[in-house]
Amino acid sequence: MRDDCIFCKIVKGELPSYKVYEDEDILVILDRFPSNLGECLVITKKHYESLFDLDPALGTKIFDLSQRVAVKIKETYNIDGLNLLQNNGASAGQQINHFHIHVMPRYDLDGIVMQGKPIDPTETEFNEVAAKLKLG
Ligand code: ZN
């Protein structure tokens, strides 16, 4: 737990939230500033900064739970699509430095734009990158 962390305060009950699910490891709440109604945040109860320090066993559990939340949103609302969004670091859009996954309902004309233009690597670059990132 970190004193200055909003999500740690929510976990401890020091700040209010709209809870959807809770177990010993994970809390699911409604996003206070949703892109669309029903957007949920799946949060680890323990303070992990990001994906890079998250306990891998918890990663499996939190993804499973995010899928359950996604299915529930789909069953409840007439959505056209859904994003799972998980940001790591300010440059990636992480605003609260406590691991979380956004479960975002989407609609055809909701106006949400995830911008970015693809780059066009050469074959050499692709081969180099594939070799560097190859998992052992
Ligand atoms: Zn925290």
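Predicted model: local features only at pLDDT ≥ 70, side-chain atom pairs only at ≥ 80, totals over all residues.
Which residue in S2 is the bridge partner of Glu22? I looked it up: Leu27 is that partner.

**Ground rules.** Residues are numbered from 1 along each chain as its sequence is written, and side-chain values use heavy atoms, without hydrogens and water.

**Sheet.** I take helices (H or I, at least four residues) and strands (E, at least two) as DSSP runs, numbered from the N terminus. Two strands pair if DSSP finds at least two bridges between them. I traced an open sheet of five strands in the order S1-S2-S3-S5-S4, paired antiparallel. S1 (19–22) and S4 are the edge strands, each pairing on one side only. Neighbouring strands are turned by 15° on average, direction ignored. Axes here are lines fitted to C-alpha atoms, for helices over the stretch in contact; angles run from 0 to 180 degrees between N-to-C directions.

I then checked two pairings. S1 and S2 run antiparallel, joined by three bridges, and form a hairpin with three residues between them. S4 and S5 pair antiparallel over five bridges. Asn83 has Met104 in S5 as its bridge partner.

**Helix on the sheet.** H2 (residues 56–76) lies across S1, S2 (26–30), S3 (40–44), S4 and S5. It runs at about 160° to S3.

**Cores.** A nonpolar core is a set of buried Ala, Val, Leu, Ile, Met, Phe, Trp, Tyr and Cys residues joined through side-chain atoms within 4.5 Å. Buried means under 20% relative accessible area, exposed over 50%, partly exposed in between (1.4 Å probe, protein chains only). The largest core has 16 residues; Ile26, Val28, Val42, Val69 and Val103 have the most contacts inside it. S2, S3, H2 and S5 each supply at least two residues. H2 gives the largest share, six residues. Apart from this core I found another, of nine residues, including Cys5, Cys8, Val11 and Leu41.

**Asn97.** I found Asn97 in the loop between S4 (81–85) and S5 (100–106). Asn97 is partly exposed because its relative accessibility is 37%. Leaving aside neighbours within four places in sequence, Asn97 is in contact (heavy atoms within 4.5 Å) with His47, Tyr48 and Glu49. Asn97 and His47 are 50 residues apart in sequence, yet 8.8 Å apart in space, C-alpha to C-alpha.
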